Amino acid sequence: MAELVYPPVLRTALTAFKLLDLRFRLEGTERIPRSGGAVLVSNHVSYLDFVFAGFAARPAGRLVRFMAKKEVFDHPVSGPLMRGMHHIPVDRSAGAGAYDAAVRALKDGEIIGNFAEATISRSFTVKDIKSGPVRMAADAGVPVIPVALWGGQRLWTKGRPRKLLQRHVPITILVGEPMLAGPGDGIATLTGDLRRRMADLLDEAQRTYPDQRRGVWWQPAHLGGTAPTPEEADALDAASRPRRE
């Protein structure tokens, strides 16, 4: 397919991040296949995670097609960009169409990006994840590749003011070992394994992050930060759900 939008969007993002002197650490990117389909499953801590997770595939020369909620495609600014980059809209009230589109793209050799937590984690830990990424990978016969992102929450995340012009922020992107469903592997078991791998990767990203300050809002509670605990985050999500609906 013609790529008239994705490359210039990436170049613009890279230029902006260079001007801000964001300090990227990428590890495990050799695990992204240079050809063929794969499902890239990342944790979700910021509104910029689409960009950062996509960066994981740049060393392999790949473009990631992300699954994102339909409302993003309806926006007058982001909508044309998302469609131009051939991302996949997800209508949460009727997700079968998006699922089928993703499986077709995987079989055609595309890399599909998915945030299996379905929403940003306020606790900056890995929430329960959906089974969709594992199911679509199994249906298409492609691997699932876990990814951990850390640092982007300092720029723009749920419930905090945007600080998109903040400089010198470290950004960590870790790519884990691919998983491939075998004969007899249960979806629930594979989904649990994927979540554990994502949590282990995120823990590594957090504990090796260059800035280890305690008492800051962008650190998880178990590492001495003031972010909500997972239980508190769940309560906040539950309270905001009726307003969103």
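This is a predicted model: local features need pLDDT of at least 70, side-chain atom pairs count only at pLDDT 80 or more; totals for chains, interfaces and linings use all residues.
Local features need pLDDT of at least 70 and side-chain atom pairs count only at pLDDT 80 or more, while totals for chains, interfaces and linings use all residues. Residues are numbered from 1 along each chain as its sequence is written, and side-chain values use heavy atoms, with hydrogens and water left out. Helices (H or I, at least four residues) and strands (E, at least two) are DSSP runs numbered from the N terminus. Buried means under 20% relative accessible area, exposed over 50%, and partly exposed in between (1.4 Å probe, protein chains only). Contact means heavy atoms within 4.5 Å.

**Helix H1**

- H1 spans residues 6-19, 14 residues in all, and reaches 20 Å from its first C-alpha to its last, close to the 20 Å expected at 1.5 Å a residue; the expected span is 1.5 Å times one less than the number of residues.
- Tyr6, Leu10, Ala13 and Phe17 are the buried residues of H1.
- Seen down the helix axis, the buried residues of H1 fall within an arc of 65 degrees, so they line one face; the arc is that of the directions from the helix axis to the C-beta atoms.
- An α-helix has 3.6 residues a turn, so residues three or four places apart point the same way.
- Arg11, Thr12, Lys18 and Leu19 are exposed on the face of H1 turned away from the buried side.
- The packing partners of the buried H1 residues are strand E1 (23-27), helix H2 (49-55) and strand E3 (64-69).
- Asp21 follows H1 and has a positive phi, near 55 degrees.

- Val126 sits in the loop between strand E5 (111-114) and helix H6 (132-140), and counts as buried at 7% relative accessibility.
- Not counting residues up to four places away in sequence, Val126 touches Asn43, Glu117, Arg195, Met198, Ala199 and Leu202.
- Within H6, Gly132, Pro133, Val134, Met136, Ala137 and Ala140 are buried.
- These buried residues pack against several elements, among them strand E2 (38-42), strand E6 (144-150) and helix H7 (187-207).

**Other buried residues**

- Glu110 lies in the loop between H5 and E5 and is buried at 16% relative accessibility.
- Its neighbours within four places in sequence aside, Glu110 is in contact with Met1, Gly36, Gly37, Ala38, Arg62, Leu63, Arg65 and Ala105.
- Leu190, in helix H7, is buried with a relative accessible area of 11%.
- Leu190 touches Val134, Met179, Ala181 and Asp185, not counting residues up to four places away in sequence.

**Positive phi in two histidines**

- Most residues other than glycine have a negative phi.
- His86 has a positive phi near 60 degrees; His86 lies in the loop between helix H4 (78-84) and strand E4 (88-90) and is partly exposed at 27% relative accessibility.
- His168 has a positive phi of about 65 degrees; His168 lies in the loop between E6 and strand E7 (170-175) and is partly exposed at 37% relative accessibility.

**Second largest pocket**

- On a 1 Å grid over the protein atoms alone, a pocket is an open set of points where a 1.4 Å probe fits, with protein on both sides within 12 Å along at least five of seven lines; lining residues have an atom within 4 Å of a point.
- The second largest pocket holds about 170 Å³ of space, a volume being the space filled by probe spheres set on the points, which are joined across faces, edges and corners.
- Its lining includes Arg122, Phe124, Lys158, Arg160 and Trp217.
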